Structure formats: C-alpha cells, structure tokens
Amino acid sequence: MGTYDWNAKDYEKNSLAQQKWAGELIAHLNLTGVEDVLDLGCGDGKVTAEIARIVGDGSVLGIDNSAQMIALAKEKYPPNQHPNLSFEVMDAGDLSFAGCFDVVFSNAVLHWVKNHQRVIEGLAKSLRVGGKICLRMGGKGDAEGIIAIMNALKASTKWAPYFTGFEFPFTFPDADDYRVLLKDAGFSINRVELVPKDMAHDGKSGLEGWIRTTWLPYTQRIPKEQRGAFIEEVAVSYLAKVPLAADGKAHVAMVMIEVDAEKPILLVARRRSNGAG
Ligand SMILES: C[S@@+](CC[C@H](N)C(=O)[O-])C[C@H]1O[C@@H](n2cnc3c(N)ncnc32)[C@H](O)[C@@H]1O
C-alpha cells in the first residue's frame with residue numbers, strides 16, 4: 001500500500017533514536033490509563049505497545065500505510081496477549097473515524113505526507129470533543145547536514161543517473177503554516193513549536209542503519225547491489241564534515257515541529273430574545 005518499501009525488521013532494530021524521542025512524547029501526554037489512543041504512523045508497533053501498557057483501561061490502535069510494518073506489529077503484539085492493542089493498514093490521509101479517540105499521537109511520521117490539510121481534518125473528525133493531538137514530525141530546517149550530502153551525491157557523476165526526475169520527498173512545515181492549518185480545522189492550539197534536536201547514532205554503523213532504514217526516497221533509487229556502497233558514501237561524507245564525538249556517537253542536527261492542540265467543546269451561541277419580536 002505505502003509508497004516506500006519499508007523493511008520493518010531492519011527498522012525495528014535501527015530506530016532506538018526514534019523510540020527514545022517517542023518516549024519523551026508519551027511522557028508529555030500525561031495519560032491517566034483510560035484513554036482511547038490512535039498512534040498515527042505506528043511503524044513496527046513498539047511505541048504503540050508502550051502506550052498500550054500505560055492505558056490499561058483504554059485502548060490503542062496503531063495505523064500505518066506500510067503493510068510490512070503492520071504485519072510485523074501484528075505478529076509481535078497478538079491480540080490474545082495485548083487485548084487493548086490493535087493495528088491496521090491505513091493512510092494518514094484516509095482517516096475514517098468519527099469521534100472515537102481521546103488522543104492522537106504521532107512520532108516521526110507526518111513529514112512523509114504531502115497534504116497535511118487532509119490529515120488534520122481527518123484528525124479533527126477522529127477525536128472526541130475535548131480530545132487532543134500530540135504530533136512530532138520533521139520541521140523547517142530538519143536534517144540539513146544529511147540533505148546537503150544527499151544533494152551532492154545525487155548530483156555526482158556516479159549516482160546522478162539514479163535520480164532522474166527526483167523531487168524532494170519530505171514536507172518540513174513551519175510553525176506559522178501549521179497554526180493556520182490547525183485553526184482552519186477548528187482546533188484550539190496549545191503549542192506549535194520548532195524544536196532543534198540532536199539525534200545521536202552509535203558510530204558509523206548506527207548512522208548507516210538510520211540512513212538505510214529511513215532515507216528510502218533516496219536509497220531505494222539505487223539498485224540493490226549498489227545500495228550499501230551509496231549508504232556508506234553518505235555516512236563517510238557526512239562524518240568527514242561532522243566527525244564522530246569522543247564517545248563514538250554520530251550526531252545529526254534535526255529540527256522537529258511539535259504540535260499540541262485540542263478539539264474544543266463547541267459553545268453554541270444562542271441569541272437572547274429581548275421580547276421585541
Ligand atoms: C520513521 S517511521 C516512525 C514509526 C513510529 N512512529 C516510531 O516512532 O518508531 C515513519 C512511519 O510513517 C509511516 N508513514 C509514512 N507515510 C504515511 C502515511 N501517509 N500514512 C500512514 N503512515 C505513514 C511509515 O510507513 C513508517 O512506518
């Protein structure tokens with residue numbers, strides 16, 4: 001179903017950084033244990049399962065447009081062992097829920113989506129009145145160091161033939177643009193903020209793992225037999241500019257946009273009659 005061929009098992013093993021960031025976001029939700037939660041773009045499901053453990057008297061549905069990701073999530077978290085947790089293949093642009101969630105959570109997903117208006121309108125419909133969204137995705141200026149390397153390589157004699165007709169695949173929104181989208185969909189905004197964040201990978205191989213498992217719009221253009229060489233070249237070129245830290249970590253400067261908003265209780269203003277007709 002999804003546009004890219006995610007390797008769910010490889011992602012599962014190479015997404016510690018995303019999992020760590022998701023943990024921060026979950027803590028920020030202040031869940032009480034009874035909420036019904038939608039995890040939008042749940043990937044391999046490990047973060048979704050973490051939320052399900054917290055909302056023991058509620059439920060969590062993880063959706064993702066990658067059939068591979070959902071297949072792995074279903075295999076790892078079967079309903080007989082995780083009765084309040086379920087997974088479904090669904091695109092973020094095709095949400096068809098009507099007022100059934102208290103919280104929509106989404107970590108590291110929506111920069112993959114072009115039409116955010118459609119998603120935000122779907123989220124507004126999916127939530128109960130008073131429900132909230134907590135989204136974190138790549139924002140304006142995200143991963144510029146890696147993108148600069150990708151741009152240089154895709155223009156090089158060696159790799160350019162594989163990038164004919166390439167269009168920048170991600171949407172990295174600005175806070176002001178996002179505020180407009182949220183307001184138009186009727187959300188009451190608590191916070192929309194661009195947040196610089198350091199992403200740390202375990203050395204060159206950790207960096208390669210991240211590039212291999214998430215930079216699919218670039219890597220999947222390269223024939224399989226040359227893909228490893230391309231990924232290594234990205235990592236080597238990046239580390240030549242941003243060397244490994246003393247503790248062996250590869251650091252990437254990221255910029256996230258974080259969104260906290262609520263579906264407000266609608267107050268229907270009634271015109272008071274003054275008896276004059
Ligand atoms: C970097 S992973 C994040 C997974 C998970 N949220 C986490 O924190 O580990 C991005 C996920 O977004 C999913 N995705 C991308 N575009 C999507 C869309 N339009 N609808 C639903 N899921 C999408 C991908 O299939 C992938 O599983």
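This is a predicted model: local features need pLDDT of at least 70, side-chain atom pairs count only at pLDDT 80 or more; totals for chains, interfaces and linings use all residues.
Which residues in α8 meet which residues in α10?

The protein chain contains 10 helices and 7 strands. Its radius of gyration is 21 Å, close to the 19 Å that the globule rule gives for 277 residues, so the chain is as compact as a globular protein of that length. Along the principal axes, the C-alpha atoms fill a box of roughly 80 × 50 × 40 Å. Of the 277 residues, 39% count as buried. If we take contacts between residues at least 6 apart in sequence, 77% of them join residues at least 24 apart.

Let us now turn to helix packing. Two packed helices are described by the angle between their axes and the distance between the axes. Helix α8 covers residues 203-214, and helix α10 covers residues 224-241. They pack at an angle of about 125°, and their axes are 9 Å apart. That angle makes α8 oblique to α10. The crossing of these two helices, α8 and α10, is right-handed.

Here is the answer to my opening question. From α8 come Lys 204, Leu 207, Glu 208, Ile 211 and Arg 212; from α10 come Ile 231, Glu 232, Val 234, Ala 235, Tyr 238 and Leu 239. Sorted by class, the residues of this contact of α8 with α10 are 7 nonpolar, no polar and 4 charged.

Helix α10 also packs with helix α6, which covers residues 144-154. The angle between α6 and α10 is about 125°, with the axes 10 Å apart. The helices α6 and α10 are therefore oblique to each other, and their crossing is right-handed. On the α6 side we find Gly 145, Ile 146, Ile 149, Met 150 and Leu 153, which meet Glu 233, Val 234, Ser 237, Tyr 238 and Lys 241 in α10. The contact of α6 with α10 comprises 6 nonpolar, 2 polar and 2 charged residues.

Is Leu 239 buried or partly exposed? Leu 239 has 15 C-beta neighbours inside 10 Å, and therefore counts as partly exposed. Leaving aside residues up to four places away in sequence, Leu 239 touches Lys 204, Leu 244 and Ala 250. As for Ala 250, it lies 11 residues from Leu 239 along the chain, and the C-alpha atoms of the two are separated by 7.5 Å.

Conventions: Residues are numbered from 1 along each chain as its sequence is written. Axes are lines fitted to C-alpha atoms, for helices over the stretch in contact, and angles run from 0 to 180 degrees between N-to-C directions. Helices (H or I, at least four residues) and strands (E, at least two) are DSSP runs, numbered from the N terminus. Angles under 35 degrees count as roughly parallel, over 145 as roughly antiparallel, 65 to 115 as roughly perpendicular and the rest as oblique. A crossing is left-handed if the near helix is turned anticlockwise from the far one by less than a right angle, and right-handed if clockwise. Two residues are in contact if their C-beta atoms, placed from the backbone, lie within 7 Å. Ala, Val, Leu, Ile, Met, Phe, Trp, Tyr, Cys and Pro count as nonpolar, Asp, Glu, Lys and Arg as charged, and the others, Gly among them, as polar. The radius of gyration is taken over C-alpha atoms; the globule rule is 2.2 Å times the number of residues to the power 0.38. A residue is buried if 20 or more other C-beta atoms lie within 10 Å of its own, exposed if 12 or fewer, and partly exposed in between; C-beta atoms are placed from the backbone.
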